[in-house]
Amino acid sequence: MLRVLLLVSLIIVICSASNGLDMSNDVCNSLTQSDWNCLVKQHNFTIIEGIRGGYGITKAISTCVSQARAAQFKYVDLYIWMCPNCEGNNPPSNLINQLISTVGANNFGMVWLDIEACDNDPSCWSTPQVNLDFIRSMANAIKSAGKPVGIYSTPWEWRTLGLTGLGAVSYTHLRAHETP
């Protein structure tokens with residue numbers, strides 16, 4: 001019962017937000033079509049987690065994208081969180097191409113690179129130059145598949161990974177709230 005109340009509370013909070021949703025696999029996997037239909041009343045876009053680091057493609061991605069499209073979100077995008085030292089992430093093109101094939105290239109818009117440090121595992125990223133090269137490699141794989149690329153990060157994350165001053169990465173940015 002408590003779990004149901006927490007889920008309903010989460011849906012109410014999400015429904016009261018504005019514009020867009022960052023939808024993790026955990027939350028997305030628990031939503032029904034009715035939930036998606038509620039969410040679209042207050043939001044015009046959703047960005048759904050497609051790849052979670054060393055865990056690979058998220059299990060519910062196809063269902064989540066289908067439900068979001070059925071609810072008629074104006075934009076349904078994907079975000080991917082990958083790192084150069086995470087298992088199965090190299091070369092990034094393999095996993096990215098598998099994701100696009102699984103979901104269907106015509107079923108979503110952009111692919112957002114979620115650039116952030118790993119929780120409790122500083123070894124998942126590498127040196128600043130390797131990190132930047134990996135990010136560029138992910139972006140190139142997405143562009144080669146014919147999809148637009150965006151970056152979802154914060155200046156704090158960028159600095160944490162040592163990327164400040166290494167050269168421009170010119171893609172659309174969706175800026176998360178600054179982490180202290």
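Here is a short tour of some aromatic rings, a charge and a helix in this structure. Keep in mind along the way that the model is predicted.

**Stop one: the aromatic pairs.** Two aromatic pairs are counted here, with ring centres required to lie within 6.5 Å. Begin by selecting Trp 36 and Phe 73. Their ring centres are 5.6 Å apart and their planes stand at 85°, so this pair is edge-to-face. What does the pair tie together? Trp 36 belongs to helix α3 (residues 33-39), while Phe 73 is in the loop between α4 (61-70) and β3 (75-81), so the contact ties together parts that are 37 residues apart in sequence. Trp 36 and Phe 73 are both buried.

Now select Trp 125 and Phe 134. This aromatic pair is edge-to-face too, with 6.3 Å from centre to centre and 90° between the planes. Trp 125 is buried, as is Phe 134.

**Stop two: a charge over a ring.** Show Phe 108 together with Lys 147. The charged end of Lys 147 sits over the ring of Phe 108, at 4.4 Å from the ring's centre.

**Stop three: helix α4.** Select Ile 61, Cys 64, Val 65, Gln 67 and Ala 68, which are buried residues of α4. Turn the view until you look down the axis of α4: the buried residues fall within an arc of 165°, so they line one face of the helix. What do these residues pack against? Their partners are α2 (25-28), α3, β2 (43-52), β3 and α5 (92-103).

Terms used
Residues are numbered from 1 along each chain as its sequence is written. This is a predicted model: local features need pLDDT of at least 70, side-chain atom pairs count only at pLDDT 80 or more; totals for chains, interfaces and linings use all residues. Side-chain values use heavy atoms; hydrogens and water are left out. Rings of Phe, Tyr and Trp (its six-membered ring) pair if their centres lie within 6.5 Å; planes under 30 degrees apart count as stacked, over 60 as edge-to-face and the rest as tilted. Helices (H or I, at least four residues) and strands (E, at least two) are DSSP runs, numbered from the N terminus. Buried means under 20% relative accessible area, exposed over 50%, partly exposed in between (1.4 Å probe, protein chains only). A charge sits over a ring if NZ of Lys or CZ of Arg is within 6 Å of the ring centre and within 35 degrees of the ring normal. The arc is that of the directions from the helix axis to the C-beta atoms. Contact means heavy atoms within 4.5 Å.
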